[in-house]
Amino acid sequence: MVERKLFAGASIKRLRRAAGMTQAALADSLGISASYLNLIERNQRPLSARLMLLLADRFDFDPRQLVTDEPGGGLDGISRRLADPIFEDLSIDRSELDDWLAMAPNTVEAFVRVFDNQSANHNGVSQETLDPTQLVRKEIERWRNHFADLDAMAESLADELRLGTADLYGAITDRLRVKHQLTVRILPETVMPELLRRLDLHARQLQLSEMLDPASRTFQAAVLLAEIEARSEIKALISGADFQDNAAKNLYHRHLSGYFAAALIMPYARFLKACEQTGYQLSILQRRFGASFEQVAHRLTTLQRIGARGLPFFMIRIDRSGLVSKRFAGASNAALAESLNRCPLWHIHQAFERPLEIQSQLVALEDGSSWFTMSRAVQGVGAGKGGFTAEFVIGLGVSAELASALFDAQGVDLSLENADQIGLGCPACTRPQCAQRSAPPKSRALQFDGREMGVVPYSFITD
């Protein structure tokens, strides 16, 4: 497999300075020359796998931090910001951005902070203030979608519930009834035509629609248990986020309650062990933990416990129009999760036509990274007005460098040259001669020749 070079000079320099070490002292501990370390810190030499492991052992950290610590999300994060229309008259090459990140990472970080803080609509109001979902997502990604205290509490509770019975749904409903004087009642769809869940405090009932499948019933009962027994922990996390927007507080509360519920259904240690034993085989994980495909996909993005990390998956959920309704980058630092647009050559879009079948694909982005992705269609619960049932596709992915451990990647040549070349949507993609191109790249000047017309409708200046 072709290895992607890792330049992490800024991250290494921060680690060294935080430890109060000189370049000479760190170089000596790593068994390299001070001049070679100086080149690494100035991003004039890539970081080898051996040095990465030595650094991880010396400073006791996750080696993936060296990638995720890149200012502004690295090359792709900066490229997405520069795709803003205010920069469209500038032709900024990726090589130019590479040089900027390598030589002036702190200046890059300063630009990112100013741009993000000053990003405003025509009324001068912060976009994040207007969009609570983005505000909450930023907070979730700050934690890499891993909330250690909630995980530990849910795992302890799961062990306690298992002592009495192997039926988790029954154990949760019994606990709600005995400890909290709340019963769970399944009601016909005609009684709750537009609701899946209702908490009736007057009747002391959690009322669930019969349209919920067993996995969803267990999840909803676990959510209520989270809201009662993890109330103080959830409240502390919401307070720490310091949201000024009430909608953001409520959305974050909902996410954290669902996080606890998933951790109760799929306790961390047991779930990670099952993942490693099965090669992250999604169908087996569903059956073993009585969870839905989407619940398992969510859980895979959270496995970042110190000393017991799983593979760093990302997850997105799209509808048929390509609109993303959920996205979790976790610890993956995946541009595919962050990008506002998606490439039509990515098989995530084909999954709608093959329900219940996982579409796997090895893809390569313009930055040289490659990803093994798995996509599957799922249906929403119940029918809305007109009897329409929602359809979505869940997309999961992990770096190709780590994908050999996956059951779905068995027999797949994971080398970079075997990957399908895709982009992050036409406006951000500078791959030339793509017949599927629907729009020109925003970072390139267009070229016109009145005497010729190519297969691709747009011709532009390349590097």
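In this predicted model, Asp151 and Arg299 join their side chains in a salt bridge, with 2.6 Å from N to O. Asp151 belongs to helix α11 (residues 148–162) and Arg299 to helix α18 (residues 293–300), so this pair ties together parts of the chain that are 148 residues apart in sequence. Both Asp151 and Arg299 are buried.

**Salt bridges**

- Is Arg137 buried or exposed? Arg137 has a relative accessible area of 14%, under the 20% limit, and is therefore buried.
- Glu338 has a relative accessible area of 27%, which lies between 20% and 50%, so Glu338 is partly exposed.
- A network of salt bridges links Arg137, Glu141 and Glu338.
- Glu391 and Arg320 form a further salt bridge through their side chains, at 3.0 Å from N to O. Glu391 lies in strand β10 (residues 391–399), while Arg320 lies in the loop between β6 (314–318) and β7 (324–328), so the pair ties together parts that are 71 residues apart in sequence.
- Glu391 is partly exposed, with a relative accessible area of 31%. Arg320 is also partly exposed, at 48% relative accessibility.

**Nonpolar cores**

- Which residues touch the most other members of the largest nonpolar core? Within this core of 74 residues, they are Tyr252, Leu300 and Leu406. Helix α15 (residues 246–265) gives the most to this core, contributing 10 residues.
- When residues up to four places away in sequence are not counted, Leu300 touches Phe271, Cys275, Tyr280, Leu282, Leu311, Phe313 and Leu396.
- There is also a second, separate core of 21 residues, and among them are Ile316, Leu365, Ala377 and Val393.

**Phe293 in helix α18**

- Phe293 is located in helix α18. Its relative accessibility is 4%, under the 20% limit, so Phe293 counts as buried.
- Apart from neighbours within four places in sequence, Phe293 is in contact with Leu282, Gln286, Ile358, Arg376, Val378 and Ile394.
- Phe293 and Val378 are 85 residues apart in sequence, yet their C-alpha atoms are 7.8 Å apart in space.

**The second largest pocket**

- By type, the lining of the second largest pocket consists of 9 nonpolar, 5 polar and 2 charged residues.

**Helix α1**

- Which residues of helix α1 (residues 9–18) are buried? They are Gly9, Ala10, Ser11, Ile12 and Arg16.
- Gly20 follows α1 and has a positive phi, near 70 degrees.

Definitions and conventions: Residues numbered from 1 in each chain as written. Predicted model: local features only at pLDDT ≥ 70, side-chain atom pairs only at ≥ 80, totals over all residues. Heavy atoms only, no water. Nonpolar A, V, L, I, M, F, W, Y, C, P; charged D, E, K, R; others polar. Buried < 20%, exposed > 50% of the residue type's maximum accessible area, 1.4 Å probe, protein only. Helix = DSSP H or I, 4+ residues; strand = E, 2+ residues; numbered from the N terminus. Core = buried A, V, L, I, M, F, W, Y, C linked by side-chain atoms within 4.5 Å. Contact = heavy atoms within 4.5 Å. Salt bridge = Lys/Arg side-chain N within 4 Å of Asp/Glu carboxyl O.
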